[in-house]
Amino acid sequence: VSDGSDGTSRTSFNVTPLLVGDALVYCTPMNRVLAIDAQTGEQRWAYDPQQRQTKLPDPHSRVCRGVAYWEAED
């Protein structure tokens, strides 16, 4: 959690990860999405949308509360 004193927006980690197969998938306050091996904790992949880290006016903070998952039928 960041209070914004470093010049960026305040952040808060409030995500509920999804269990997809044997990976935990979640997002960070800067909308970075990660897949973590549920047994080892090792990162499998990450997607970073390269959001600008500009300061938002208080009381706004950056937060990502979760991601969605959908699997197409073969």
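## How we know what we see

Mentor: Searching the whole structure turns up 1 disulfide. Keep in mind that this is a predicted model.

Trainee: What makes the pair Cys-27 and Cys-64 a disulfide?

Mentor: Look at the sulfur atoms. In Cys-27 and Cys-64 they lie 1.8 Å apart. The cut-off is 2.5 Å, so this pair counts as a disulfide.

Trainee: Which hand does the link of Cys-27 and Cys-64 have?

Mentor: That link is left-handed, with -90° about the S-S bond.

Trainee: Where in the chain do Cys-27 and Cys-64 sit?

Mentor: Cys-27 belongs to strand 3, whereas Cys-64 is in the segment after strand 6 (61–62). The two are 37 residues apart, and the pair links distant parts of the chain. Both Cys-27 and Cys-64 are buried, by the way.

Trainee: What is Arg-65 in contact with, if we skip its neighbours within four places in sequence?

Mentor: With those left aside, Arg-65 is in contact with Asn-14, Val-15, Thr-16 and Cys-27.

Trainee: On to charges. How many salt bridges does the structure hold?

Mentor: There are 2 salt bridges. As a general point, side chains of opposite charge can pair when their charged atoms come close.

Trainee: Why is the pair of Arg-44 and Asp-22 called a salt bridge?

Mentor: The closest N and O atoms of Arg-44 and Asp-22 are 2.9 Å apart. The limit is 4 Å, so the pair qualifies as a salt bridge. Arg-44 sits in strand 5 (residues 43–47), and Asp-22 in the loop between strand 2 (18–20) and strand 3 (23–27).

Trainee: What about Asp-37 and Arg-44, how far apart are their closest N and O atoms?

Mentor: They are 2.7 Å apart. Against the limit of 4 Å, that makes Asp-37 and Arg-44 a salt bridge as well. Asp-22, Asp-37 and Arg-44 are therefore linked in a network of salt bridges.

Trainee: How do you know which of these residues are buried and which are partly exposed?

Mentor: Buried means under 20%, and partly exposed lies between that and 50%. Asp-37 has a relative accessible area of 15%, so Asp-37 is buried. Arg-44, at 40%, counts as partly exposed, and so does Asp-22, at 45%.

Trainee: Let's do the strands. In what order do they form the open sheet?

Mentor: The order is 2-3-4-5, with 4 strands and antiparallel pairing.

Trainee: What makes strand 2 and strand 5 the edge strands?

Mentor: Each of them pairs on one side only.

Trainee: How do you know that strand 2 and strand 3 pair?

Mentor: Count the bridges. Strand 2 and strand 3 share 3 bridges, and at least two are needed, so they pair. One of the partner pairs is Leu-18 with Val-25 in strand 3.

Trainee: How many bridges join strand 3 to strand 4?

Mentor: There are 5 bridges, so that passes the need for at least two. Among the facing residues, Tyr-26 stands opposite Leu-34 in strand 4, and Ala-23 stands opposite Asp-37.

Trainee: Why is strand 3 called largely enclosed?

Mentor: Because 4 of the 5 residues of strand 3 are buried.

Trainee: Last one. Which residues make up the largest nonpolar core?

Mentor: There are 9 residues: Val-15, Val-25, Tyr-26, Cys-27, Val-33, Leu-34, Ala-35, Ile-36 and Cys-64. Strand 4 gives the most, with 4 residues. In soluble globular proteins, nonpolar side chains tend to be buried together.

How values were computed:
Residues numbered from 1 in each chain as written. Predicted model: local features only at pLDDT ≥ 70, side-chain atom pairs only at ≥ 80, totals over all residues. Heavy atoms only, no water. Salt bridge = Lys/Arg side-chain N within 4 Å of Asp/Glu carboxyl O. Buried < 20%, exposed > 50% of the residue type's maximum accessible area, 1.4 Å probe, protein only. Core = buried A, V, L, I, M, F, W, Y, C linked by side-chain atoms within 4.5 Å. Contact = heavy atoms within 4.5 Å.
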